Amino acid sequence: MRPVIIAVAITGSVPRKKDNPTLPVLPQEQIESTHAAFEAGATLVHIHVRNDDETPSSDPDRFALVQEGVRKHCPGMIVQFSTGGRGRDPAARGLSLVHRPDMASLSTGSVNFPTIVYENHAVLVDDLAGRMKTHGIAPEIEIFDLSHIHGGKRLIDAGLMGANPHVQFVMGVQNAMPADERLLDILLAETRRVIPGATWTAAGIGRHQSEVMGWALARGADAVRTGLEDNVRVSKERLADGNAELVRIAADLLARHAARPATPTEARARLGLRPA
Ligand code: ZN
């Protein structure tokens with residue numbers, strides 16, 4: 001059985017509302033939800049934090065609080081902070097990196113989202129990559145468009161990033177790339193040509209979550225991604241009970257592809273991270 005990393009994106013930026021009541025938003029809720037996901041087989045947690053009024057936050061202390069809880073309750077789990085932009089001041093997006101999570105997400109270009117332009121100016125991208133390098137944080141490059149692969153390559157050539165980043169193809173965001181299996185092949189081929197040392201995963205948004213995961217597993221992905229940030233339903237009829245249920249669905253899918261959830265040690269080795 002091939003070990004595959006299950007990444008869980010526990011919260012995201014979308015408000016908690018009636019169609020996602022189990023979304024963990026406060027730090028304690030986030031730690032508990034991550035712990036349940038860890039017990040179910042997740043070994044990487046992707047974290048956004050919120051203010052008390054539940055709006056997206058860039059407060060480094062909040063990030064530190066969640067990281068501390070995860071490190072305490074989920075031994076070895078890989079902590080990844082989001083430096084994503086929805087609802088956050090661009091200048092504040094990198095402030096949390098002083099707390100040296102294992103990884104941080106990094107968008108290398110701009111793209112249309114459902115209701116906004118997700119802006120990632122080249123100056124900001126360089127700044128975030130530089131901070132990650134300074135603090136010894138491994139980037140996960142978010143690929144919302146083909147050009148973002150080349151954005152990653154530019155950072156490598158500029159010495160702002162190592163030659164073996166982790167990349168994530170994000171499919172199914174309205175107004176960006178559709179969830180399309182042939183498109184995944186194109187993205188993967190281009191990544192292998194341009195950044196041959198990259199490890200990779202793919203995220204399917206909304207109803208595409210399991211479908212994209214299946215395509216990724218069939219192509220030997222190093223990781224899969226699930227979690228309430230991307231999708232809150234297990235079927236048309238039913239909402240997920242929480243992040244752990246989505247992780248269990250991912251683990252079942254792994255088994256159908258002769259794979260099993262990676263242990264924290266295996267996950268860290270695969271992504272070239274320091275031991276916990
Ligand atoms: Zn995110």
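In which helix does Ser33 lie? Ser33 belongs to helix α1, which covers residues 27-39; helices here are DSSP runs of H or I with at least four residues, strands are runs of E with at least two, and both are numbered from the N terminus. The model is a predicted one, in which local features need pLDDT of at least 70 and side-chain atom pairs count only at pLDDT 80 or more, while totals for chains, interfaces and linings use all residues. Residues are numbered from 1 along each chain as its sequence is written, and side-chain values use heavy atoms, with hydrogens and water left out.

The buried residues of α1 are Pro27, Gln30, Ile31, Ser33, Thr34, Ala37 and Phe38. Their packing partners are β1 (2-9), β2, β3, α2, α7 and α8 (264-270). Leaving aside residues up to four places away in sequence, Ser33 touches Pro24 and Asn243, where contact means heavy atoms within 4.5 Å. Just after α1 comes Gly41, with a positive phi of about 125°.

Buried in α5 are Leu184, Leu187, Leu188, Glu190, Thr191 and Val194. Because these residues cover an arc of only 165° around the axis, they sit on the same side of α5; the arc is that of the directions from the helix axis to the C-beta atoms. An α-helix has 3.6 residues a turn, so residues three or four places apart point the same way. On the other side of α5, Arg182 and Arg193 are exposed. The buried residues of α5 pack against β9 (138-143), α4 (147-157), β10 (166-171), β11 (199-204) and α6 (209-218).

Next comes the metal site. The zinc ion has as its protein donors His46 (NE2), His48 (NE2), Glu229 (OE) and Glu229 (OE), lying 2.1 to 2.7 Å from it. Donors are N, O and S atoms within 2.8 Å of the metal (3.2 Å for Na, K and Ca), and since water is not among the atoms, sites may look incomplete. The 4 donor atoms subtend angles of 52 to 134° around the zinc ion, so the arrangement is irregular. Four donors count as tetrahedral if all angles lie between 85 and 135 degrees; four count as square planar and six as octahedral if opposite donors are over 155 degrees apart and all others between 65 and 115, and anything else is irregular. Along the sequence, the donor residues are spaced H-x1-H-x180-E. His46 lies in strand β2 (residues 44-47) and Glu229 in the loop between β12 (223-226) and α7, so the pair ties together parts that are 183 residues apart in sequence. His46 itself counts as buried, at 4% relative accessibility.

The aromatic side chains come next. Rings of Phe, Tyr and Trp (its six-membered ring) pair if their centres lie within 6.5 Å; planes under 30 degrees apart count as stacked, over 60 as edge-to-face and the rest as tilted. The count comes to 5 aromatic pairs. In one of these, the rings of Phe63 and Phe81 have centres 4.7 Å apart and planes at 45°, so the pair is tilted. This pair links distant parts of the chain, with Phe63 in helix α2 (residues 60-73) and Phe81 in strand β5 (residues 78-81), 18 residues apart. Both Phe63 and Phe81 are buried. Phe113 and Tyr118 form a stacked pair, 4.8 Å centre to centre with 25° between the planes. Phe113 is buried at a relative accessible area of 6%, and Tyr118 is buried at 5%. Phe113, Tyr118 and Phe144 form one aromatic cluster.

Finally, two loops deserve a look. Glu54, in the loop between β3 (49-50) and β4 (56-57), has a positive phi near 75°. Asn51 has its place in the loop between β3 and β4 and touches Pro56, Ser57 and Arg62, not counting residues up to four places away in sequence. Ala258, in the loop between α7 (243-256) and β13 (259-261), has a positive phi near 55°.

Definitions and conventions:
Buried < 20%, exposed > 50% of the residue type's maximum accessible area, 1.4 Å probe, protein only.
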